[in-house]
Amino acid sequence: MLGGRLPPDCRETDGDARPPFSFLCSPPTELIIFHPVSPKKRIAIIPGDGIGPEVIAEAVKVVQASRAGVEMTHFDWSANRYLADGVTVPPDGFAMLERDFDAILLGAFGDPRVPSNIHAKEILLGMRFRMDLYANVRPVRLLDASLCPLKGVEPRDIDFVVVRENTEGVYVDAGGVFKTGTPDEVAVQEDINTRKGVERVVRYAFEYCERHKKHDGAPRQRVLMCDKSNAMTYAGGLWQRVFKEVGREYPQITSQHMYVDALCTQMVRDPRQFDVIVTNNMFGDIITDLAAGLQGGLGMAASGNIHPGKTSMFEPVHGSAPPIAGKNIANPLGAILTSAMMLAHLGLTREAEEIEAVVLEAVRQKKTTQDIGGSLGTREAGEWVAKRVAG
Ligand code: ATP
């Protein structure tokens, strides 16, 4: 990010009504303004593997069509690059991204030619962990009733956000195996939860709830913490205590709790009840795939990996989907909505809203790929959106 480090309690502002790179800090109340060196936002594009390059190409087209003030630089970090020269992340790659870019737009990683998935781990998890992108924000919004497998559900009924902890939990890869391959084999996978890590993501969820309205303009009013604290008592206990403590700072927001198994049932029985959900890394990963099913499948879901005040990364929720790669059938709308999310994060609200409006129109007119009922290819669906965004 431009202009140096932020005090730890700084919060990113909404971006629209204020100058770029301004942060409200409390206490004391203070406005810090970071002056960008270039008026254009600098975006690193890392398409990755499988359908990643296909859908990111369409997202890039749409961003260009919006005439947003951005400069995009492509990077080839991927399975192809790893197989060619053994490099996953070039030396100082993450430091370079933080130093030289305002945001990162990522495709997906995973390729059958790299069974260890080492490049995906080092690039994607490396970026989340080393750049400390602690809040994985996954909006779940139904654009059209036809996309939802549930009966009688309208777009206004599904408009919630999952905030997934992104730097801890079982994904830190702590643990080990002992006596591998023998009948006495032992495998231990540690679930790491720190007070700092839990507190900042829970606070992020309350801040998000306070600052972001629903798409119909209604305020968000509830934050629900989801865990499995009845069985995982140590980690769950920490989440419970921290959630109660942070919740007291936001008396205007209703704090709720649900065990993850109950939440899965409720998500398909009555998704209307959800507003903002905060949860750990693994539960967030799983429940957002379920949630993607409510909005038309993985091809429709967008996400941001955010550390307020630092270079953040945006990626569609889906993976590299090898079985459908290279066939021009992948749905590009999740990636396009992800690019809109990124523009909104950068303060380019008008362009972001315009892109979202055209995606909505594409869904209504079925100018989409087959997975959501259209008959277009990936490129054609992307071009349809880009053309209308260009006006
Ligand atoms: P990861 O573990 O990396 O998240 P995954 O194994 O869970 O990946 P995906 O790669 O996301 O799974 O894809 C699973 C399936 O979902 C694909 O094989 C495909 O059928 C469908 N899918 C995913 N993304 C899309 C898309 N953009 N358009 C259409 N179908 C998709």
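## Helix α1 and its partners

Let's start with two helices running alongside one another: the axes of α1 and α11 come within 8 Å and cross at roughly 10°. That makes α1 roughly parallel to α11, since angles under 35 degrees count as roughly parallel, over 145 as roughly antiparallel, 65 to 115 as roughly perpendicular and the rest as oblique. The axes here are lines fitted to C-alpha atoms, for helices over the stretch in contact, and the angles run from 0 to 180 degrees between N-to-C directions. On the α1 side, Glu54, Val55, Glu58, Lys61, Val62 and Ala65 meet a set in α11 made up of Thr378, Arg379, Gly382, Glu383, Val385, Ala386, Val389 and Ala390. Two residues are in contact if their C-beta atoms, placed from the backbone, lie within 7 Å. Helices (H or I, at least four residues) and strands (E, at least two) are DSSP runs, numbered from the N terminus.

A quick word on what you're looking at: this is a predicted model, where local features need pLDDT of at least 70 and side-chain atom pairs count only at pLDDT 80 or more, while totals for chains, interfaces and linings use all residues. Residue numbers start from 1 along each chain as its sequence is written.

## α1 against α9

Helix α1 (residues 52–65) also meets α9: their axes come within 8 Å and cross at roughly 45°, so α1 and α9 are oblique to each other. The crossing is right-handed; a crossing gets that label if the near helix is turned clockwise from the far one by less than a right angle, and left-handed if anticlockwise. Val55, Ile56, Glu58, Ala59, Val62 and Val63 are the α1 residues involved, and they meet Ala335, Ile336, Thr338, Ser339 and Leu343 in α9.

## α10 against α11

Glu354, Ile355, Val358, Val359, Glu361 and Ala362 in α10 face up to Ala381, Trp384, Val385, Arg388 and Val389 in α11, with which they are in contact.

## The largest nonpolar core

Which residues touch the most other members of the largest nonpolar core? Out of 103 residues, they are Ile104, Leu105, Val163, Val202, Ala205, Ile336 and Val385. Helix α9 (residues 333–345) supplies the largest share of this core, at 9 residues. The core draws at least three residues from each of domain 2 (40–134 + 307–391) and domain 3 (165–279 + 290–295), with domain bounds coming from an automatic or database domain assignment. By nonpolar core we mean a set of buried Ala, Val, Leu, Ile, Met, Phe, Trp, Tyr and Cys residues joined through C-beta atoms within 7 Å.

Take Leu105: leaving aside neighbours within four places in sequence, Leu105 is in contact with Ile43, Ile45, Ile56, Ala59, Phe314, Ser339 and Met342.

## Two positive phi angles

Asp92 isn't a glycine, yet its phi is positive, about 65°. Asp92 is found in the loop between α2 (79–85) and α3 (93–100), and it is exposed, with 10 other C-beta atoms within 10 Å. For reference, a residue is buried if 20 or more other C-beta atoms lie within 10 Å of its own, exposed if 12 or fewer, and partly exposed in between, with C-beta atoms placed from the backbone.

Ala321 has a positive phi too, near 40°. Is Ala321 buried or exposed? Ala321 is buried, with 20 other C-beta atoms within 10 Å; its place is the loop between β15 (312–316) and α9.

## A few single residues

Pro139 is in strand β7 (residues 135–141) and counts as buried, with 21 C-beta neighbours inside 10 Å. Not counting residues up to four places away in sequence, Pro139 touches Val161 and Ala302. Gly197, in helix α5 (residues 195–211), is buried as well, with 22 other C-beta atoms within 10 Å.

Val268, by contrast, is partly exposed, with 13 other C-beta atoms within 10 Å. Val268 sits in helix α7 (residues 260–269). Between Val268 and Phe206 there are 62 residues in sequence and 24 Å in space, C-alpha to C-alpha.
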